[in-house]
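Open the structure in your viewer and keep the selection tool at hand. The stops below say what to select and what is there.

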Amino acid sequence: MLGLKLATDPRWVNIVESNIEEILTDHAWCEQKAASNAIYIIINNAEKPDLVAEMTNIAIEEMEHFRMVINIIKERGLTLGRERKDDYVNDLVKFCRKDGSREDALIERLLFAAMIEARSCERFRVISQNIEDQELAKFYHDLMVSEAGHYTTFLKFAKQYAGKVDVDKRWKEWLEYEATVIAKYGKKETIHG
């Protein structure tokens, strides 16, 4: 369904399990950034009521996920660390087209967001299927379903507002590029690392 070109090696979960506090901290901040991205889309596209409504729902849901991760951290007696730089996301930003119209920028932002959601969904699936901690396995399975919904929402709006952009062609380019990016990762206890 996701179309990702390179799957995460399940052994990455061994790294995740070696530092649960780190993966949970990184995950919490990923959720906050996802909410911020939805808000960014709202701010820059306020004249599109259907997009604003759906991005509002996503922003709220992402902040609820943030709260859920914070609660797990607290329940386990762990500490939420400071926000971390996400090298994977920064590598994706480099692929975003900076030229074109305001509408073109919206499509690019939606595809960028869909890409992050697709990879997050895939990573959550890998965690849910391979982690020994059953509470976290269920938690990440439930979030995987949510991320898949976000992924399809971003793609749907990209197609809806495509204008002159060939969204299917551009999405294939995103998938090819992302495969070269993610090949460098999978060695750290972070969602995209």
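**Stop 1: helix H3**

The buried residues of H3 pack against H2, H5 and H6. Before going on, note that this is a predicted model. Select residues 49–75 to show H3, and check its length: at 1.5 Å a residue, 27 residues should span 39 Å, and the end C-alpha atoms are 39 Å apart, so the two agree. Next, pick out the buried residues of H3: Leu51, Met55, Ile58, Ala59, Glu62, His65, Phe66, Val69, Ile72 and Ile73.

**Stop 2: the nonpolar core**

Select Leu24, Met55 and Trp171. These are the residues with the most contacts inside the largest nonpolar core, which has 62 residues. Two or more residues of this core come from each of these elements: helix H1 (12–18), H2, H3, H4, H5, H6 and H7. H5 gives the largest share, 14 residues. In soluble globular proteins, nonpolar side chains tend to be buried together.

**Stop 3**

Which residues is Trp171 in contact with, leaving aside its neighbours within four places in sequence? Select Leu2, Leu111, Ala114, Met115, Tyr151 and Leu155 to see them.

Now widen the selection to H7, residues 167–182. With 16 residues at 1.5 Å each, H7 should span 22 Å; its end C-alpha atoms are 22 Å apart, which agrees. The buried residues in H7 are Val167, Arg170, Trp171, Trp174, Leu175, Glu178, Ala179, Val181 and Ile182. They pack against H4, H5 and H6.

**Stop 4: Val16**

Go to Val16, in helix H1. Is Val16 buried or exposed? Its relative accessibility is 1%, and buried means under 20%, so Val16 counts as buried. Leaving aside neighbours within four places in sequence, Val16 is in contact with Ile23 and Glu189.

**Stop 5: the largest pocket**

Rolling a probe the size of a water molecule over the atoms shows where empty space is left. Select Asn37, Arg109, Phe112, Ala113 and Ile116, which lie nearest the centre of the largest pocket among its 35 lining residues. This pocket holds about 650 Å³ of space. Helix H2 (20–44), helix H4 (87–93), helix H5 (102–130) and helix H6 (134–160) each supply at least two residues of its lining. The largest share, 11 residues, comes from H5. What kinds of residue make up the lining of the largest pocket? There are 15 nonpolar, seven polar and 13 charged residues.

**Stop 6: the second largest pocket**

For the last stop, select Arg97, Asp99, Gly100, Asp104, Ile107, Glu108, Val165, Asp166, Lys169, Arg170 and Glu173, which line the second largest pocket. Its volume is about 160 Å³. H5 and H7 each supply at least two residues of this lining. Colour the selection by residue type: two of the lining residues are nonpolar, one is polar and eight are charged.

How values were computed: Residues are numbered from 1 along each chain as its sequence is written. This is a predicted model: local features need pLDDT of at least 70, side-chain atom pairs count only at pLDDT 80 or more; totals for chains, interfaces and linings use all residues. Side-chain values use heavy atoms; hydrogens and water are left out. On a 1 Å grid over the protein atoms alone, a cavity is a set of points where a 1.4 Å probe fits but cannot get out, and a pocket is an open set with protein on both sides within 12 Å along at least five of seven lines; lining residues have an atom within 4 Å of a point. Grid points are joined across faces, edges and corners, and a volume is the space filled by probe spheres set on the points. Helices (H or I, at least four residues) and strands (E, at least two) are DSSP runs, numbered from the N terminus. Ala, Val, Leu, Ile, Met, Phe, Trp, Tyr, Cys and Pro count as nonpolar, Asp, Glu, Lys and Arg as charged, and the others, Gly among them, as polar. The expected span of a helix is 1.5 Å times one less than its number of residues. Buried means under 20% relative accessible area, exposed over 50%, partly exposed in between (1.4 Å probe, protein chains only). Contact means heavy atoms within 4.5 Å. A nonpolar core is a set of buried Ala, Val, Leu, Ile, Met, Phe, Trp, Tyr and Cys residues joined through side-chain atoms within 4.5 Å.
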